Amino acid sequence: MEESSVVRRQSYEEGEPIVALEMRDRCERCETEALAPDGPARICSFECSFCVPCADAMNDVCPNCGGELVARPRRARG
């Protein structure tokens, strides 16, 4: 079996588990827009999640913390 050349970090500190992003499925502003794991969405550093139209309407500023809303990474279906 060939070894992968990709080095993956196991944890930030010894024994600390890796925590994945919480992929929320609803916009926190309109609560009607479904956010698919592989679809577009915007998040802040606290993982507040919004649909793109709501994020645009808020000028990409999180109403909860005042932080920047950026594109949420898409999770591959598997």
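The following questions and answers concern a predicted model of a protein chain.

Reader: In what order do the elements of the protein chain run from the N terminus on?

Author: The chain has one helix and three strands. Read from the N terminus on, these elements follow the order β-β-α-β.

Reader: Which strands stand at the edges of the sheet, and why is one side of each left without a neighbour?

Author: The three strands form an open sheet in the order S2-S1-S3, and their pairing is antiparallel. Each edge strand has a single partner strand, so one of its sides has no neighbour in the sheet. The strands at the edges are S2 (49-50) and S3.

Reader: Which residue in S2 is the bridge partner of Arg42?

Author: Strand S1 covers residues 42-43 and pairs with S2 in the antiparallel sense over two bridges. Within S2, the bridge partner of Arg42 is Phe50.

Reader: Is Ser49 buried or exposed?

Author: Ser49 lies in strand S2. Buried means under 20% relative accessible area. Because its relative accessibility is 0%, Ser49 counts as buried.

Reader: Which backbone oxygen does the side chain of Ser49 reach?

Author: Beyond four places in sequence, Ser49 touches Arg24, Arg26, Cys27, Glu28, Leu35, Arg42 and Ile43. Its side chain also reaches a backbone oxygen at 3.2 Å, and that oxygen belongs to Glu47.

Reader: Which side chain of opposite charge is nearest to Arg72, and how far away is it?

Author: Arg72 is found in the segment after strand S3 (70-71). Arg72 is buried, yet it has no salt bridge. A salt bridge requires a side-chain nitrogen of Lys or Arg within 4 Å of a carboxyl oxygen of Asp or Glu. The nearest side chain of opposite charge is Asp38, at 7.3 Å.

Reader: Which backbone oxygen does the side chain of Arg72 reach?

Author: Leaving aside neighbours within four places in sequence, Arg72 is in contact with Met23, Arg24, Leu35, Ala36, Pro37, Gly39, Ala41, Arg42 and Ile43. To one backbone oxygen the distance from the Arg72 side chain is 3.1 Å, and the residue that carries this oxygen is Arg24.

Reader: What percentage of the residues in the protein chain is buried?

Author: The protein chain exposes about 6,200 Å², of which carbon and sulfur atoms supply 48%. Of the 78 residues in the chain, the buried ones make up 22%.

Reader: Among contacts with a separation of 6 or more, what percentage is accounted for by residues 24 or more positions apart?

Author: Contact means heavy atoms within 4.5 Å. Among the contacts in the protein chain with a separation of 6 or more, residues 24 or more positions apart account for 42%.

How values were computed:
Residues are numbered from 1 along each chain as its sequence is written. This is a predicted model: local features need pLDDT of at least 70, side-chain atom pairs count only at pLDDT 80 or more; totals for chains, interfaces and linings use all residues. Side-chain values use heavy atoms; hydrogens and water are left out. Helices (H or I, at least four residues) and strands (E, at least two) are DSSP runs, numbered from the N terminus. Buried means under 20% relative accessible area, exposed over 50%, partly exposed in between (1.4 Å probe, protein chains only). Accessible areas come from the Shrake-Rupley method with a 1.4 Å probe; for residues, only the protein chains shown count as cover. Lys and Arg count as positive and Asp and Glu as negative; His and the chain ends are not counted. A polar contact is a pair of N or O atoms within 3.5 Å; within protein, one must be able to donate a hydrogen and the other to accept it, and residues adjacent in sequence count only if both atoms are side-chain atoms. Two strands pair if DSSP finds at least two bridges between them.
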